[in-house]
Amino acid sequence: MLFDLHRLATSTILYQPQLRRLEEWDNAGTVARSHILNNFIETNQGKTAPELEQEFSQGASLFLVRLTTWLRLTYMTGSCLDKLLRSIGVFLSAVSSNHYLIEFLEVGGVLTLLEILALENIKEEGKKESIRLLQVIANSGRKYKELICESYGVRSIAEFLAKSKSEETQEEVQVLLDSLVHGNPKYQNQVYKGLIALLPCASPKAQQLSLQTLRTAQSIVGTTHPSIVDNVLKVLSTMHLEVQYEAIELIKDLVNYDVCPALLKGLVALLIPSFKETSKLQPKILNDSSVLQLTAHLPVFLQQAAAAKAIGILALRNTSLAEEMLHLRVVHSLLAAMGNTDHSNSQRQASLTLKYFVQLFPVVEEHVRKSMGEELYKLFFPGSPCSCPQSNAGDLYMKIDSIQADILAANKVNVTKALYLSDLSHSNVSFYFGHGNQDPVAYNTHFQKEDVEGKE
């Protein structure tokens, strides 16, 4: 009897600190609870689940229940939300904390976190903490990734990425999406489609991160979605070089899939903008003398320059792709882009790419020389066929006059017909390849330099 009383007294003493802490929380107002959360985070960050249980005398779950209850009651107002989520994160990220995670999910934790992302009155810091908790949940295993996706999580997360104004938060979202696409075969296609849907968004950072993650997702999913070609090509109209860089990197991957023909056809088509697009500027051209300033960043011209650059990069990487593009009349389209006096970068990129085709295929050299005429061709490609690839093709736009530009824009070059007449095939394609001693390193260096600038 005396032993039982002694054990009860000892147990009461052990549980008193825990009870006092829980009572303190229950009786505290918003300000006092904020201080409690601060102290809890500072004291317990990085602790394991057994250490947390020791801290709360085997009653840590009682405190977690109070935190999740207050979260459900107050998350719409944003009161102490970031501290509250960080405190819950202490439990969920602790080693051997699976029971805490289950307790949080059983009370609708995932749905609450996703709802926080959609609330306009919540500060960015609170939403960032919500994303971090979703990362912890996703990294806990496949079934938890599936739970997030089944809760319409991909759509909520993607929409938040597009709307977020914080680059740091957007990078956290990218980490989450990358986690959801790995080890999640049931819903990896859903994440892949969500990333494609993000490409037309207005946020350059969201576009950049989506393109980066799409490269990973594409390799995991294996098959391509039909909409990816149009969406990636539209991204080329961006004025942000870092976005353009990522788009071209994805294009380099996509040519290895079944969308390659559509992709090459789309790139060549962008070299000659439609009349509908270019005519949008006609009233401004007639009414304003500063035409160059108005047209400098017209999306369709940015897209034209980026397409010329991408075609050059693809041709450098794979001569088979270069040959395929010859059949799509890429030479005619590059010459037309060189005549676009409204956008100097289009002229420059098209000129550099065309020069590589001239070096690679003698049949192209013959037709380009004939179309340009000797005088213009000397400006484009001075010296002998074996001249240095670093000649003045990239500066041609500064040397031609309006008549020469019109000649380029109105060219009728049709290398395709010559290829068919000469029965070009893979078996005798070496006959049409350019001078064997010419090293494309100079072109490669040029495109690599621009890629590095874009990546930076």
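Reader: Which residues touch the most other members of the largest nonpolar core?

Author: F357 and F380 do, in a core of 132 residues. Helix α20 (residues 299–317) gives the most to this core, with nine residues. Keep in mind that the model is predicted.

Reader: What makes a set of residues a nonpolar core?

Author: The members must be buried residues of the nonpolar kinds listed for a core, joined through side-chain atoms within 4.5 Å. In soluble globular proteins, nonpolar side chains tend to be buried together.

Reader: How much of the chain is buried?

Author: Buried residues make up 51% of the 456 residues. The chain has 28 helices and zero strands.

Reader: Why is Q188 called buried?

Author: Buried means under 20% relative accessible area. Q188 has 17%, so Q188 is buried. Q188 is found in helix α12 (residues 188–198). Leaving out residues up to four places away in sequence, Q188 touches V181, I220 and V221.

Reader: Why is W70 called buried?

Author: The cut-off is again under 20%. W70 has a relative accessible area of 8%, so W70 is buried. W70 lies in helix α4.

Reader: Which residues is W70 in contact with, leaving aside its neighbours within four places in sequence?

Author: W25, R33, L37, S79, C80 and L84. W70 and L84 are 14 residues apart in sequence, and their C-alpha atoms are 8.5 Å apart in space. Contact means heavy atoms within 4.5 Å.

Reader: Which aromatic cluster does W70 belong to?

Author: One formed by W25, F40, F56, F63, W70, F91 and Y100. The structure holds 10 aromatic pairs.

Reader: Why is the pair of F40 and F56 called tilted?

Author: The centres of F40 and F56 are 6.0 Å apart and the planes stand at 55 degrees, so the pair is tilted. F40 lies in helix α2 (residues 30–44), and F56 in the loop between α3 (49–55) and α4 (60–74), so the pair ties together parts 16 residues apart in sequence. Both F40 and F56 are buried.

Reader: What makes the pair of F63 and F91 tilted?

Author: Their centres are 6.4 Å apart, and the planes are at 50 degrees, so this pair is tilted. The pair links distant parts of the chain, with F63 in helix α4 and F91 in helix α5 (residues 81–92), 28 residues apart. F63 and F91 are both buried.

Reader: What share of the contacts in the chain between residues at least 6 apart in sequence join residues at least 24 apart?

Author: The share is 74%.

Reader: How many cavities of 30 Å³ or more does a search of the whole structure find?

Author: One. The largest cavity has a volume of about 30 Å³.

Reader: What makes a space a cavity?

Author: A 1.4 Å probe fits there but cannot get out.

Reader: Which residues line the largest cavity?

Author: M338, Q347, R348, S351, A393, G394, L396, Y397 and I400. Five are nonpolar, three polar and one charged. Helix α23 (residues 344–360) gives the largest share of the lining, three residues.

Reader: Which residues are buried in helix α24 (residues 362–372)?

Author: V363, V364, E365, H367, V368 and M372 are. G373 follows α24, and its phi is positive, near 90 degrees.

Key
Residues are numbered from 1 along each chain as its sequence is written. This is a predicted model: local features need pLDDT of at least 70, side-chain atom pairs count only at pLDDT 80 or more; totals for chains, interfaces and linings use all residues. Side-chain values use heavy atoms; hydrogens and water are left out. On a 1 Å grid over the protein atoms alone, a cavity is a set of points where a 1.4 Å probe fits but cannot get out, and a pocket is an open set with protein on both sides within 12 Å along at least five of seven lines; lining residues have an atom within 4 Å of a point. Grid points are joined across faces, edges and corners, and a volume is the space filled by probe spheres set on the points. Helices (H or I, at least four residues) and strands (E, at least two) are DSSP runs, numbered from the N terminus. Ala, Val, Leu, Ile, Met, Phe, Trp, Tyr, Cys and Pro count as nonpolar, Asp, Glu, Lys and Arg as charged, and the others, Gly among them, as polar. Buried means under 20% relative accessible area, exposed over 50%, partly exposed in between (1.4 Å probe, protein chains only). Rings of Phe, Tyr and Trp (its six-membered ring) pair if their centres lie within 6.5 Å; planes under 30 degrees apart count as stacked, over 60 as edge-to-face and the rest as tilted.
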